[in-house]
Amino acid sequence: MGSPKVQLYLDITAKGLCLLGVALMIFGQGGWFYVGVATVVLGVLFIGASLMATRNLRHRGWDGRNRPTAG
């Protein structure tokens, strides 16, 4: 997950899953409400993965090498 594109794709996927889950919870009937809840939970997990990818990217310089620690 060391590429900016990975972080972008994870972020887009996470937001899409959350929106789809909310729509299923609002408009779904019967068991579709629970499918919407599960979809939102999956979207939140993707948000966490996106944040971890961003965290890993910030430790690298533009040339791909690790930055020295400040101090």
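This is a predicted model: local features need pLDDT of at least 70, side-chain atom pairs count only at pLDDT 80 or more; totals for chains, interfaces and linings use all residues.
Local features are described only where pLDDT is at least 70 and side-chain atom pairs only at pLDDT 80 or more, while totals for chains, interfaces and linings use all residues. Residues are numbered from 1 along each chain as its sequence is written, and side-chain values use heavy atoms, with hydrogens and water left out.

**View 1. Helix α1 from end to end.** Helix α1 takes in residues 4-27; helices here are DSSP runs of H or I with at least four residues, numbered from the N terminus. With 24 residues at 1.5 Å a residue, α1 should span 34 Å, and its end C-alpha atoms sit 35 Å apart, which agrees. That expected span is 1.5 Å times one less than the number of residues. Which residues of α1 are buried? They are Leu-10, Ala-14, Leu-17, Cys-18, Gly-21 and Leu-24. Buried means under 20% relative accessible area, exposed means over 50%, and partly exposed is in between, using a 1.4 Å probe and protein chains only.

View 2. Searching the whole structure turns up one salt bridge, meaning a side-chain nitrogen of Lys or Arg within 4 Å of a carboxyl oxygen of Asp or Glu. Here Lys-15 partners with Asp-11, and their closest N and O atoms are 3.3 Å apart. Both residues belong to helix α1 and lie four residues apart, about one turn of the helix. Asp-11 is partly exposed, at 24% relative accessible area.

View 3. One aromatic pair comes out of a search of the whole structure. The ring centres of Phe-33 and Tyr-34 are 5.5 Å apart and the planes meet at 85 degrees, so this pair is edge-to-face. For the rings of Phe, Tyr and Trp (its six-membered ring), a pair needs centres within 6.5 Å; planes under 30 degrees apart count as stacked, over 60 as edge-to-face and the rest as tilted. Phe-33 is partly exposed at 36%, whereas Tyr-34 is exposed at 62%.

View 4. Look for Val-37 in helix α2, residues 32-57. Val-37 is partly exposed, with a relative accessible area of 31%. From Val-37 to Val-22 is 15 residues in sequence but 7.6 Å in space, C-alpha to C-alpha. Which residues make the nonpolar surface patch? Phe-33, Tyr-34, Val-37, Val-41, Leu-42 and Leu-45 do, over about 570 Å². Patches use residues with over 30% relative accessible area and no salt bridge, joining nonpolar side chains (Val, Leu, Ile, Met, Phe, Trp, Tyr) within 5 Å and like charges within 9 Å. Accessible areas come from the Shrake-Rupley method with a 1.4 Å probe; for residues, only the protein chains shown count as cover.

How values were computed: Helices (H or I, at least four residues) and strands (E, at least two) are DSSP runs, numbered from the N terminus.
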